[in-house]
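Look at it first, then read on.

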Amino acid sequence: MLEVNEIFGPTIQGEGKLIGSPSIFIRFGKCNFKCVGFNVEYETPSGKKKCACDSYYAVDIEFKDSWKSYDNHLDIVNEVDKLLENYSYKNIVDIVITGGEPLLYWNNQEFQNLIKHYINKNHKLTIETNASLNIDFQEEYQKNILFSMSVKLSNSLEPLKKRVNKISLTKILENSKESYLKFVIGDDFLENAINEIEDILKDIPKCEVYLMPLGDNSKTIDDNSKEVVNLAIKYGFKYSDRLHIRLWDNKRGV
């Protein structure tokens, strides 16, 4: 069974290597992290107040009643096809599989069928992941996935052994040559972030690295972006804005 929080588009990719690209998002439910340190406040359907990341509705199982379950990947494909009708040039659209943590479904055959479908249709296909889970590359098509790996730093308040998996990072980078890392940083966590990032990078294959400002609304992105840009310049990393938040705050479905 595949549990999907939402499918939406047409829209653009708001961050990372393909920022600005026409995209359709398939957001899976469930995550192995909570990331309370990102301090996005929300209220659950039962009325509890909590803090987590800006995708809390796909992370917190208290929202599970709003997720949709699929037994067959073709049911997801049919929903995406309706959205693709909005595009004149369908094959340039990036199909973005996100979460939650979508790699929780990696060993599900219907999940693999979904990936294979879009690769065979010559779509770009991005998986947004925290890259903490061990996965195996057993099929050639899996090497055509672009993994956008948002590895969590200590500001997430997740334990180090859980959030940094260098075996997984190495395997993904060795098997998917265009994949990259991105890190979310606030202006109160600059030098510590660099120390942690450099510790991660020293034991894995070379790849592109993006620094992104922390925030779930345009004001917070504005407040953090200048210092994060300066940090990227100082250390030779790339800067990625979070365009979707700057344009729409944390509104869903855009």
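Q: What does the accessible surface of the protein chain come to, and what share belongs to carbon and sulfur atoms?
A: This is a predicted model, where local features need pLDDT of at least 70, side-chain atom pairs count only at pLDDT 80 or more, and totals for chains, interfaces and linings use all residues. Residues are numbered from 1 along each chain as its sequence is written, and side-chain values use heavy atoms, with hydrogens and water left out. Areas come from the Shrake-Rupley method with a 1.4 Å probe, and for residues only the protein chains shown count as cover. The surface is about 12,100 Å², and the carbon and sulfur share is 47%.

Q: How many helices and strands are in the protein chain?
A: Both are DSSP runs, numbered from the N terminus: helices are H or I with at least four residues, strands are E with at least two. The count is eight helices and eleven strands.

Q: Why is the protein chain described as being as compact as a globular protein of its length?
A: The globule rule is 2.2 Å times the number of residues to the power 0.38, and the radius of gyration is taken over C-alpha atoms. For 254 residues the rule gives 18 Å, so the chain counts as that compact with its close value of 17 Å.

Q: What percentage of the 254 residues is buried?
A: Buried means under 20% relative accessible area, exposed over 50%, and partly exposed in between (1.4 Å probe, protein chains only). By that cut-off, the buried part of the protein chain is 54%.

Q: Which residues have the most contacts inside the largest nonpolar core?
A: Such a core is a set of buried Ala, Val, Leu, Ile, Met, Phe, Trp, Tyr and Cys residues joined through side-chain atoms within 4.5 Å. The largest one holds 55 residues. Its top residues by contacts are Ile26, Ile115, Ile127, Phe147 and Leu211.

Q: Is serine 150 buried or exposed?
A: Serine 150 sits in strand β8, residues 146-150. Contact means heavy atoms within 4.5 Å. Leaving aside neighbours within four places in sequence, serine 150 contacts Thr129, Asn130, Lys182 and Val184. With a relative accessible area of 11%, serine 150 is buried.

Q: Which residues does serine 156 contact, leaving aside its neighbours within four places in sequence?
A: Serine 156 is in the loop between β8 and α4 (160-163). Its relative accessible area is 0%, so serine 156 is buried. The contacts of serine 156 are Cys35, Val36, Gly37, Phe38 and Arg163.
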